[in-house]
Amino acid sequence: MPRSLPLDVQLSRRQALQLGAGAAMLGFVGACSATNDTESAIGPGAPQVRAYAEAKARRFPLGNVAEYDLRAGPSDVDIGGARNAAWVYDAQLPGPILRANVGDRVRVLFRNRLPAATTVHWHGLAIRNDMDGVPDVTQPPIPAGTEFTYEFIPPDPGTYWYHTHVDLQRGRGLYGALIIDDPQAPANWDAEFVVVLSDWLTSRTPTQVFDALRDGTMESMPEMTSPALGGDAGDVNYPLYLLNGKPPADPTAFTARPGQRILLRIINASDDTAFRVALGGHRLTVTDTDGFPVEPVDTDSVLIGMGERYDATVTLQDGAFPLVAVAEGKGGQAFAVVRTATGCRPDPAVAPAELRGQPLTVADLRATDAARLPAREPDTTLQASLGGNMNTYSWTINDQAYPEHTPLTVHQGQRARLVYTNTTTMYHPMHLHGHTFAVARPDGSGPRKDTVIVLPGQTIAADIEANNPGQWITHCHNDYHLAAGMTTIFSYLS
Ligand SMILES: [Cu+2]
């Protein structure tokens, strides 16, 4: 692989031409990029994007180069003794844990060996726009059989993940954990367990399920509702829920010693499932969400939507304990064993007492002082009204189904308030690329997040420092809702 790429990744001449320097980038972005004669959208190839990358490089002059090879391809994976046809990274489910230090130059030589075009998105990282991996917005899709080198500087430590951003490929297995360490902040735990949760189809592809949802030919499903999610818990009932790619019948085993302090890094990589997570016999201390610290809070269980991450510490008792992630409102569960001693394995169908009661949600979290955004009046307020119609299986933002959209526009240096209003009967985990917003609260205590559950009828405002120029999507992290159009573009203008 190339060893001498400059920070500005060498794009092929064709890519450079396609991406352009500004508004006339690609089809549907370019079509609505200009708001008047003097303003135009800052595209991924714009000098402002390069300037952002160069500023990051100056901020971290001592960063190392962290190089990875990553290959996407079809692979049969073993799910509880059964071979499942999957699309995965490096022939494993989930993909390999990618790890770097904050400020490193992460360089990933990505090889697409899928029978389809794809991209890789680095979920949660405020990296340069042209490395964000959104097809037709930040880069052309990477054709089957070709390579693309991603190169970026992760500016914040924490728990992140990576996944494809094309069609409904993610649910076939294209996801993995991405951990950014801070060498200046020594770990105050003895070991860490990375927990990747997903929902899994055994006999259909997500595209087939989506087509059935659209056609109205989906078989009738059991009632799926959850008070914690304010109503509908999902559109799809899954045969299996996986923890680190393993079903309850063949669970992952985490081992440690009694009394050890463990950091759980919990990532919800699923398409249509929120999870309620608990460790039997223990309380969890939540310390971070979406990579950013919160005032530590003790809880029996955590509710985690698609795309979200929660970090929690726990001091382990002596024995073998169930780590359970219930598919909220759906009935099944993902399961692993946490073992500090010999003894019987817990029943994979166990319902630990910690799952009763109210799970912790974003409403229970307060940003640490260091993580707060400074108080500032918004320069601009942007509305994102979340709509849907189950009869036509259409999911919209401001009554438009992407790629039809009217961009939400900002200028670099502004404080923007993005107001998500959910007019539907289902929750939507809303994700913004390239930024970690603050959940707006009058007292400024809202946690920093890049993905937040917006409950039915609820309004949540995201306060954003507009300091990462480019074209960024904001979308629902339910992959079926994304495919149906619940996306718009947070567009920087110059
Ligand atoms: Cu949604």
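Helices (H or I, at least four residues) and strands (E, at least two) are taken here as DSSP runs, numbered from the N terminus. The structure is a predicted model.

**Exercise 1.** Work out where P407 lies and whether it is buried or exposed.

*Solution.* Begin with the secondary structure: P407 sits in the loop that runs between strand 23 (394-397) and strand 24 (408-411). Next, apply the cut-off, by which a residue is buried when its relative accessible area is under 20%. P407 has a relative accessible area of 18%, and therefore counts as buried. Finally, look along the chain to T487, which is 80 residues from P407 in sequence, while the two C-alpha atoms are 10.0 Å apart in space.

**Exercise 2.** Identify the protein donors of the copper ion, and explain which parts of the chain H428 and H481 tie together.

*Solution.* The protein donors are H428 through ND1, C476 through SG and H481 through ND1, lying 2.0 Å from the copper ion. Read along the chain, these donors follow the spacing H-x47-C-x4-H. H428 belongs to strand 26 (residues 428-432) and H481 to helix 5 (residues 479-484), so this pair ties together parts that are 53 residues apart in sequence. As to accessibility, H428 is buried at 0% relative accessibility, and H481 is likewise buried, with a relative accessible area of 0%.

**Exercise 3.** Locate T368 and state which residues it contacts beyond its neighbours within four places in sequence.

*Solution.* T368 is placed in the loop between strand 21 (333-339) and strand 22 (380-389). With a relative accessible area of 16%, T368 is buried. Once neighbours within four places in sequence are left aside, T368 is in contact with P293, V294 and E295.

**Exercise 4.** Compare the radius of gyration of the protein chain with that of a compact globule.

*Solution.* For 494 residues, a compact globule would have a radius of gyration near 23 Å, and the 21 Å of the protein chain agrees with this. Of these 494 residues, 59% count as buried.

Methods
Residues numbered from 1 in each chain as written. Predicted model: local features only at pLDDT ≥ 70, side-chain atom pairs only at ≥ 80, totals over all residues. Heavy atoms only, no water. Donors = N, O, S within 2.8 Å, 3.2 Å for Na, K, Ca; no water. Buried < 20%, exposed > 50% of the residue type's maximum accessible area, 1.4 Å probe, protein only. Contact = heavy atoms within 4.5 Å. Rg over C-alpha atoms; globule rule 2.2 N^0.38 Å.
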